[in-house]
Amino acid sequence: MKIIDAVKQQHAALTTFRRDIHAHPELAFDEHRTAKLVADRLEAAGIETHRGIGRTGVVGVIRAGSSQRAIGLRADMDALPIQERNTFPHHSKHPGRMHACGHDGHTTMLLGAAEHLAKHPDFDGTVVFIFQPAEEGDGGGREMVEDGLFERFPMDAVFGLHNWPGLPAGNIAVHDGPVMASADRFDIEVLGHGAHAAMPHLGVDPVIAASALVQALQTVVSRTLNPLDPAVLSVTQVHAGEAHNVIPDRARITGTVRAFSTEVQAQIEATMQRICQGIGTAYNVNVRFNFLRGYPATINTSAEAAQCAEVARALVGEAAVRTDLKPSMGAEDFAYFLHEKPGCYVWLGNGPGEGGCMLHNPNYDFNDQVIPVGVSYWVRLVEHLLAR
Ligand SMILES: [Zn+2]
Ligand SMILES: [Zn+2]
């Protein structure tokens, strides 16, 4: 590995910083302490710093040379509402909150890169360091875009990184095209007519209709989509009734839809709508269908993916760069940045997921051994894309 020497020397200090953030996790749009730590350190490094972008987001800007070229690098800062089960000294000090997705590591690595580049600005152009809030479902990325991120800090392309348990530590995976799926939510209400359970003919049973609906919804992906278009439709909640001898008057069904293109999203929504209407007619119930668009799919652009792969190969070696991994059906709100600008989001291997060290698991922890790899990747990417 060709990890930058000056970065290696920061390893212990950055590890301490990472563990401090880990011990003090903050949820979406509540990242006040974390944002302040980041902004204070950016300022201390002499970096132009902007607080409160997209509520609790922070932006740092370093300019070097005279080129008008500009790129953005992004890290996420929020934690999850999970009770941590780890017992090591840096475990969460806040009950019910935990850095179980490694955003503590992402924040640390991007900060380390900013501090290094402030000291060694071996590039020609502008680098925008984006520390975003609320990645875990609340759309902090969207919030920053709506707050004028790209107007206030013009950039040609934007780059992201996420640690990836199961990928050997320090390996880097680059996808040309889709890397993370869109995440939409649906809520279906089935309105029938309540009755005594011994006299079903006097009511309209929403439980039977909801059961038929759950079954029928499984045909959306399997029977109406092109088999080569990946998609998932999962029903995750079914609620109805409160007594064993009462036919309830309503049932509720909730779930999630994942896909990689807006065309497939639209097709799934339309098919679900049709099935809801049909089941409603067939079972004489009123079905209210609500489809809520969430994060779009995260799609890397080819040219930027190729450049990231080139930088990664030079850094960790040919064998440690994977371009053959399948995308994940998980979602990522970096998608909102890629919706506006070309760019690429890579996975950095976090090592084995043994002992529950998987994303969103109460036994997860970010692997501090990969900090210098992530920092060096950011630095080399900047030097490559904004070469003098
Ligand atoms: Zn997560
Ligand atoms: Zn995450």
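**Figure 1. Contacts of His103 in the predicted model.** Leaving aside neighbours within four places in sequence, His103 is in contact (heavy atoms within 4.5 Å) with Asp76, Met77, Asp78, Glu135, Glu136 and His162. His103 sits in helix H4. Helices (H or I, at least four residues) and strands (E, at least two) are DSSP runs, numbered from the N terminus. His103 counts as buried because its relative accessibility is 0%. Buried means under 20% relative accessible area, exposed over 50%, and partly exposed in between, with a 1.4 Å probe and protein chains only. This is a predicted model, in which local features need pLDDT of at least 70 and side-chain atom pairs count only at pLDDT 80 or more, while totals for chains, interfaces and linings use all residues. Residues are numbered from 1 along each chain as its sequence is written, chains are lettered from A and ligands numbered from 1 in the order in which they are written, and side-chain values use heavy atoms, with hydrogens and water left out.

**Figure 2. The zinc ion (ligand 2) and its donors.** Cys101 (SG), His103 (NE2) and His162 (NE2) coordinate the zinc ion (ligand 2) at 2.1 to 2.3 Å. Donors are N, O and S atoms within 2.8 Å of the metal (3.2 Å for Na, K and Ca); water is not among the atoms, so sites may look incomplete. Along the chain, the donors of this ion follow the spacing C-x1-H-x58-H. Cys101 also bridges the zinc ion (ligand 2) and the zinc ion (ligand 1), which lie 3.1 Å apart. Distant parts of the chain are linked here: Cys101 is in the loop between strand E3 (70-76) and H4, and His162 is in strand E5 (residues 157-164), 61 residues apart.

Figure 3. Cys101 counts as buried because its relative accessibility is 6%. Not counting residues up to four places away in sequence, Cys101 touches Leu80, His106, Glu136, His162, Asn163, Leu359, His360 and Tyr364. Under "binding site", an unreviewed UniProt entry lists Cys101, His103, Glu136, His162 and His360. UniProt positions are given in the numbering used here, feature names are shortened, and annotations may be inferred rather than shown by experiment. The listed residues are spread over 260 residues of sequence but cluster in space, with a largest C-alpha distance of 13.1 Å. From this set, Cys101, Glu136, His162 and His360 belong to the lining of the largest pocket. A pocket is an open set of points on a 1 Å grid over the protein atoms alone, where a 1.4 Å probe fits, with protein on both sides within 12 Å along at least five of seven lines; lining residues have an atom within 4 Å of a point.

**Figure 4. Nonpolar cores.** The largest nonpolar core has 64 residues. Such a core is a set of buried Ala, Val, Leu, Ile, Met, Phe, Trp, Tyr and Cys residues joined through side-chain atoms within 4.5 Å. Leu73, Phe131, Phe159 and Tyr377 have the most contacts inside it. H11 gives the largest share, nine residues. Phe159 contacts, among others beyond four places in sequence, Leu73, Phe334, Trp378, Leu381 and Leu385. A second, separate core of 28 residues includes Ala209, Leu213, Ala216 and Val264.

Figure 5. Helix H2 (residues 11-23) has 13 residues. From first C-alpha to last, H2 reaches 18 Å, close to the 18 Å expected at 1.5 Å a residue, where the expected span is 1.5 Å times one less than the number of residues. Buried residues of H2 include Leu14, Phe17 and Ile21. The buried residues of H2 pack against helix H1 (5-8), helix H3 (32-44), helix H4 (103-119) and helix H11 (371-385). Thr34 is in helix H3. Thr34 is buried, with a relative accessible area of 1%. Ile21, His24, Glu26 and Met77 are its contacts, leaving aside neighbours within four places in sequence.

**Figure 6. Two loop residues with positive phi.** Arg55 has phi near 70°, a positive value in a residue other than glycine. Arg55 lies in the loop between strand E1 (48-53) and strand E2 (57-64). Arg55 is exposed, at 51% relative accessible area. Asn284 has phi near 60°, again positive in a residue other than glycine. Asn284 is in the loop between helix H8 (262-283) and strand E13 (286-292). Asn284 counts as exposed, at 59% relative accessibility.
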